[in-house]
Amino acid sequence: MADDDIELGNALDAGSPDDVGEAKKKRFVSDRLARMLVYVASGIIAILLTVTISVVTFRVLDQGSVNRSFAEVSQAYESIPEPYSYYTLIPQIRGVTRDQSPNSIIVKVDIGYNEGDTQVQTELVARTAQLTDIIRNYFSQKTAAELAPEREHIIKTELKDLVNRVLSQGKVQDIIFPELQVYEF
């Protein structure tokens with residue numbers, strides 16, 4: 001057996017140099033082709049791996065939002081508000097917030113009521129001083145953070161409730177702020 005291996009080795013060594021050169025050329029081309037195939041295969045595997053990871057990640061992250069429906073819009077935002085008459089004789093109010101380092105407040109409040117509702121209009125005129133005090137007291141109980149612009153609708157709702165508690169002849173429908181400034185000293 002060992003003798004057969006030696007004979008095969010000698011037979012290969014005994015081949016002409018041209019045979020060896022052709023074998024090397026053929027082998028060089030096949031090595032180069034093999035490398036190119038390895039690179040192409042690596043690129044394809046990398047692309048497939050990236051796409052697979054992206055798809056799996058997207059599906060895992062998207063599980064919570066399977067039901068994609070829009071929240072219903074409140075009727076308050078859908079309907080066009082009625083035109084109100086506004087009571088504009090509440091004077092501009094100046095005060096300070098209840099913060100440890102108080103901020104100054106300047107606010108002008110107009111009160112909306114149904115057009116033609118003379119009873120509410122008459123009562124608002126009669127209670128101007130009382131309403132001014134209620135509004136001044138309301139703002140002086142708030143901090144600057146509580147009077148931030150993003151809380152304006154809350155402030156309006158609370159003020160409307162306060163004003164309606166005082167009125168006996170009807171209800172106000174809206175509160176607007178032609179002017180609302182909160183600033184540091």
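Modeller: Gln 100 sits in the loop that links strand S2 (93–96) to strand S3 (103–114); strands (E, at least two residues) and helices (H or I, at least four) are DSSP runs numbered from the N terminus. This is a predicted model, in which local features need pLDDT of at least 70 and side-chain atom pairs pLDDT 80 or more, while totals for chains, interfaces and linings use all residues. Residues are numbered from 1 along each chain as its sequence is written, and side-chain values use heavy atoms, without hydrogens or water.

Gln 100 counts as exposed because its relative accessible area is 86% (exposed is over 50%, buried under 20%, partly exposed in between, with a 1.4 Å probe and protein chains only). Thr 143 is 43 residues away from Gln 100 in sequence, yet their C-alpha atoms are 9.1 Å apart in space.

The largest nonpolar core holds 22 residues, a core being buried Ala, Val, Leu, Ile, Met, Phe, Trp, Tyr and Cys joined through side-chain atoms within 4.5 Å. S3 gives the most to this core, with five residues. Helix H4 (118–126), helix H5 (128–140), helix H6 (152–166) and strand S4 (174–184) also each give two or more. Among the residues with the most contacts inside the core are Val 109, Phe 139 and Phe 177.

Take Val 109 as your landmark. Beyond its neighbours within four places in sequence, Val 109 is in contact with Tyr 87, Ile 90, Ile 135, Phe 139, Ile 175, Ile 176, Phe 177 and Pro 178 (contact means heavy atoms within 4.5 Å).
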